[in-house]
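Subject: Structure handover

Hello,

Here is the structure you are taking over. My notes on what was found in it follow below.

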Amino acid sequence: MSQSEVLACTCVLRECFNERIETVGKYLAENGPSQLRTMANKTGLKINEVQTALRFLIKHNMVEFTFDSVKNNVLYSVNLRNIRAVVRSDRYTDAIRSLYGHDAEAIVRDILLNGQMSLPEIITSVLESFADRSNGEKRIYEKFVQLVQTHFVRRCPALANTMSEEDRIPDLRINESQLYDVPSFSNVAEEMQANMQQLDSSKRPNDKAKIDTVYWCVNIDRFNEFLRDQTLIHAISKRVHPQAAEIVRTLLRRSEVKSPGGVPKTVPISFYELLEELPKDLSITNNLLEKWLKVLTEAAAEFIQQEGDGGGGQYSVYFQRGFAELCKAHIESIVQERYGSDSKRVIRILMMKNQVEMSQIEILTKIDPKEATGIVYRLLGDNFISVVEVAKSTELVPKHTFYYFSVDVDRVAKMLLDRSFKTLANLILRRMHESKENKRLIDKEQRMLAILAQIDSPEEKEEFQRQMTPAERTQLEKYNHAMFMLMKAEQEVDETIFILETYLSYSK
């Protein structure tokens with residue numbers, strides 16, 4: 001956990017929630033697991049204000065709590081990864097829309113907005129946002145089941161049956177075998193009916209209508225695995241060929257739910273099973289598949305490896321090798337943008353050859369010796385490359401010392417990740433500043449749009465729209481353009497963070 005990551009997360013909390021929640025989240029991120037009273041004393045907030053902030057963060061899966069049996073106290077800790085998932089929420093909903101449609105997108109969006117929801121709450125909330133409610137409850141339920149079966153949504157831990165009044169904290173447990181068990185539609189309908197009766201003061205729910213409520217949340221790990229797979233497929237499509245990308249997609253789809261999270265490779269699949277599972281409209285023959293697999297196993301940095309000869313050969317996707325190539329490509333791209341194309345050639349040679357002398361760099365890159373020396377020492381000063389000194393004698397004299405230059409990809413990736421967190425924080429702060437500076441115009445536009453929606457006459461609409469002056473319209477256009485560019489930059493920075501984090505997680 002770096003200071004830059006903490007800064008980015010506190011900016012997310014400030015933008016999405018309020019200053020009190022930001023204060024509590026920032027304190028936990030900077031000081032680690034803490035007690036309630038300690039947080040109240042150090043942050044200057046009242047006990048009930050800290051409690052309210054913690055309840056909100058716990059509901060959104062951003063704070064966890066444990067019982068310290070030694071000190072006999074409850075300790076709260078923050079989950080920065082789940083806080084940063086807020087930035088990635090648009091990518092999550094876009095992915096679900098492309099896979100399962102708008103109903104599923106609405107389900108995921110509502111769960112992300114509320115943190116944890118029961119199935120009746122999800123169905124009711126989604127139906128309120130749709131004009132077409134024909135057979136709506138059953139339709140939303142079926143989409144929800146589909147999301148649970150593919151592990152994009154899972155159960156939240158529930159109170160254990162062994163809870164007693166003497167317990168200091170709630171004992172939340174979940175059996176791994178029940179994570180993706182969905183109650184039947186009849187049970188859900190019964191719970192929805194019970195909720196409706198509770199809202200009606202003239203009716204009281206009977207004992208049979210009292211059902212243990214099951215809460216659901218978004219499975220962040222599963223979404224990140226899906227984005228990981230899509231990143232690799234997109235890279236293969238651009239660097240090799242779309243047909244090769246479809247072969248990789250088939251290999252990855254085979255282990256989507258079967259493999260546990262964080263595994264370094266996919267489940268092996270035989271050549272003939274792969275040929276059978278490929279989409280028929282691709283028209284990939286036996287010989288063509290052999291050629292593409294040869295390209296992917298030999299030319300694409302051994303991203304795919306053959307592990308056996310049974311069934312025509314067993315093939316697996318190695319995530320670490322794939323993301324190592326993506327990470328190197330990002331380093332090259334950043335160096336080129338910052339220092340120029342000659343610097344990119346130098347850094348590429350160093351990543352390919354590892355330990356290289358200055359004379360070899362000049363020969364391999366075909367750059368003027370004086371210019372090559374300047375590039376190397378500029379990159380060395382900015383920590384993109386490192387140097388190892390090997391003395392010919394016991395004394396370290398420059399004339400009698402060999403200097404070997406190299407790139408420590410892990411160290412550079414951590415440095416770029418830290419800078420990416422700072423950039424993300426700056427983008428969020430800039431968006432907040434733009435919104436604050438133009439708040440009056442934004443509120444005026446929203447009021448006008450609400451009134452225009454109630455006006456039927458075109459003449460009256462045109463007359464009403466004249467209340468906003470040309471100067472205000474120009475300012476709003478500038479604001480909307482600035483917000484669009486900032487959001488686009490934020491998404492690109494988040495993609496870089498995702499690739500660097502994924503690479504570092506596999507390189508441990």
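A salt bridge here is a side-chain nitrogen of Lys or Arg within 4 Å of a carboxyl oxygen of Asp or Glu. By that rule the structure holds 24 salt bridges. Before the details, some notes on the source. This is a predicted model, in which local features need pLDDT of at least 70 and side-chain atom pairs count only at pLDDT 80 or more, while totals for chains, interfaces and linings use all residues. Residues are numbered from 1 along each chain as its sequence is written, and side-chain values use heavy atoms, with hydrogens and water left out.

Confidence

The pLDDT (the predictor's confidence in each residue, from 0 to 100) averages 86 over the protein chain, and 90% of the residues score at least 70. Helix α19 (residues 409-437) has the highest confidence, at 95, and helix α10 (residues 185-199) the lowest, at a mean of 72. For residues 202-210 the pLDDT is below 50, and this stretch has 10 contacts in the model beyond near neighbours in sequence; a contact means heavy atoms within 4.5 Å. Where pLDDT is low, the predicted coordinates should not be read in detail.

Overall build

The protein chain has 22 helices and 12 strands. These are DSSP runs numbered from the N terminus (helices: H or I, at least four residues; strands: E, at least two). Its C-alpha trace spans about 95 × 70 × 65 Å along the principal axes. Of the 508 residues, 41% are buried, where buried means under 20% relative accessible area, exposed over 50%, and partly exposed in between (1.4 Å probe, protein chains only). Among contacts with a separation of 6 or more, 63% are between residues 24 or more positions apart.

Salt bridges

Arg81 forms a salt bridge with Asp221, with the closest N and O atoms 2.2 Å apart. This pair links distant parts of the chain, since Arg81 is in helix α5 (residues 80-84) and Asp221 in helix α11, 140 residues apart. Arg81 is partly exposed, at 33% relative accessible area, and Asp221 is partly exposed at 41%.

Arg91 and Asp494 also meet in a salt bridge, at 3.3 Å from N to O. Arg91 lies in helix α6 (residues 89-100) and Asp494 in helix α22 (residues 470-506), so the pair ties together parts that are 403 residues apart in sequence. Arg91 is buried, with a relative accessible area of 18%, and Asp494 is buried, at 4%.

Glu462 and Arg466 form a salt bridge at 3.6 Å, N to O. Glu462 is partly exposed, at 45%, whereas Arg466 is exposed, at 55%.

Aromatic pairs

Rings of Phe, Tyr and Trp (its six-membered ring) pair if their centres lie within 6.5 Å; planes under 30 degrees apart count as stacked, over 60 as edge-to-face and the rest as tilted. The structure holds 13 aromatic pairs. In one of them, Phe152 and Phe223, the ring centres are 4.8 Å apart and the planes stand at 55°, so the pair is tilted. Phe152 lies in the loop between α9 (136-149) and β4 (153-155) and Phe223 in helix α11 (residues 220-239), so this pair ties together parts 71 residues apart in sequence. Both Phe152 and Phe223 are buried.

Regards
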